[in-house]
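Please find below a colleague's note on the structure shown here. The points are numbered and may be read in any order.

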Amino acid sequence: MDQTAEHSLSKVPEVTLMFWIIKIAATTLGETGGDAVSMSMNLGYLLSTFVFAAIFLVMVAAQVKVDRFNPWLYWTTIIATTTVGTTLADFADRSLGIGYAGGASVLFALLLASLVLWHRTLGSVSVDSIRSPRAEMFYWITIMFSQTLGTAAGDWTADTAGLGYAGGAIVFGVLLGAVVAAYFWTRISRTLLFWAAFVLTRPLGAVVGDFLDKPVSAGGQALSRYSASAAIIAFILTCILVFPQRAAKTRGT
């Protein structure tokens, strides 16, 4: 095994059931945590986006710099993408007046552009091909776009489409179930299914987060954003401690 392959092997987590459980929890935390800063702390969407974007850039730089997989660093970076995705989507949808459908369309185009550029540059968008800092940068940029898209899509489903938070959770839960079924019973590209699942877990987390902290009159449970965020953080920490994660294998290792 060469040194480059060893480094990439130790920095990319294995995609397991626990990976997806923590991912959904992290996306839910992104919604409650992002709302806690932008709304409860009254910083607004734009300032909150700058704050979370700075954290995101620092965490990505740290993630790229380390030479082995660190679950604490990796999931902190994932959470950073969900929080900046939440406030950025809310800023575009609400402050700029683009609307949920418009915001989701723009972000979907950006996500596709990121994947296409990544594929044309490095030849693959599979997580098992991440063996260089450049691939990692594409990986995190794509994740950030997917998290932001998920926020807009979740809000559009719950509000504009009129399904509410519970209805939105059911819709995205069913779509994730379809992806799981395709994984086990079809030969559809595993890379395509991975990114489909990655995108869908974000709106699922978004509507669950909104269900927890939005007012009862709006279909939520009116829980404190701070207490809800703290509970989700405790759950994520427990998952990482109780279920140690292994680094994913990469091609050529």
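**Note on the predicted model**

1. The protein chain has 9 helices and 0 strands; helices (H or I, at least four residues) and strands (E, at least two) are DSSP runs, numbered from the N terminus. Along the sequence, the protein chain reads α-α-α-α-α-α-α-α-α.

2. This is a predicted model, in which local features need pLDDT of at least 70 and side-chain atom pairs count only at pLDDT 80 or more, while totals for chains, interfaces and linings use all residues. Residues are numbered from 1 along each chain as its sequence is written, and side-chain values use heavy atoms, with hydrogens and water left out.

3. On overall dimensions, the C-alpha trace of the protein chain spans about 60 × 35 × 35 Å along its principal axes. A compact globule of 253 residues would have a radius of gyration near 18 Å, and the 18 Å of the protein chain agrees with this. The radius of gyration is taken over C-alpha atoms, and the globule rule is 2.2 Å times the number of residues to the power 0.38.

4. Of the 253 residues in the protein chain, 50% are buried. Buried means under 20% relative accessible area, exposed over 50%, and partly exposed in between (1.4 Å probe, protein chains only). Among contacts (heavy atoms within 4.5 Å) between residues at least 6 apart in sequence, 77% join residues at least 24 apart.

5. The protein chain exposes about 11700 Å², of which carbon and sulfur atoms supply 70%. Accessible areas come from the Shrake-Rupley method with a 1.4 Å probe; for residues, only the protein chains shown count as cover.

6. Helix α7 (residues 164-185) has 22 residues, which at 1.5 Å a residue should span 32 Å; its end C-alpha atoms are 31 Å apart, in agreement. The expected span is 1.5 Å times one less than the number of residues. The buried residues of α7 are Y165, G167, G168, F172, L176, V179 and A182, and they pack against α6 (133-160) and α8 (190-213). An α-helix has 3.6 residues a turn, so residues three or four places apart point the same way.

7. T82 is found in helix α4 (residues 71-95). Is T82 buried or exposed? T82 counts as buried because its relative accessible area is 0%. Not counting residues up to four places away in sequence, T82 touches A26, T27, G30, Q147 and R202.

8. F235 lies in helix α9 (residues 225-242) and is partly exposed, at 40% relative accessibility. Leaving aside neighbours within four places in sequence, F235 is in contact with I21 and A25. F235 and A26 are 209 residues apart in sequence, yet 9.7 Å apart in space, C-alpha to C-alpha.

9. N42 is found in the loop between α2 (17-40) and α3 (44-65) and is exposed, with a relative accessible area of 66%. The phi of N42 is near 60°, a positive value in a residue other than glycine. Most residues other than glycine have a negative phi. R187 is placed in the loop between α7 and α8, and counts as exposed at 84% relative accessibility. R187 and S224 are 37 residues apart in sequence and 44 Å apart in space, C-alpha to C-alpha.
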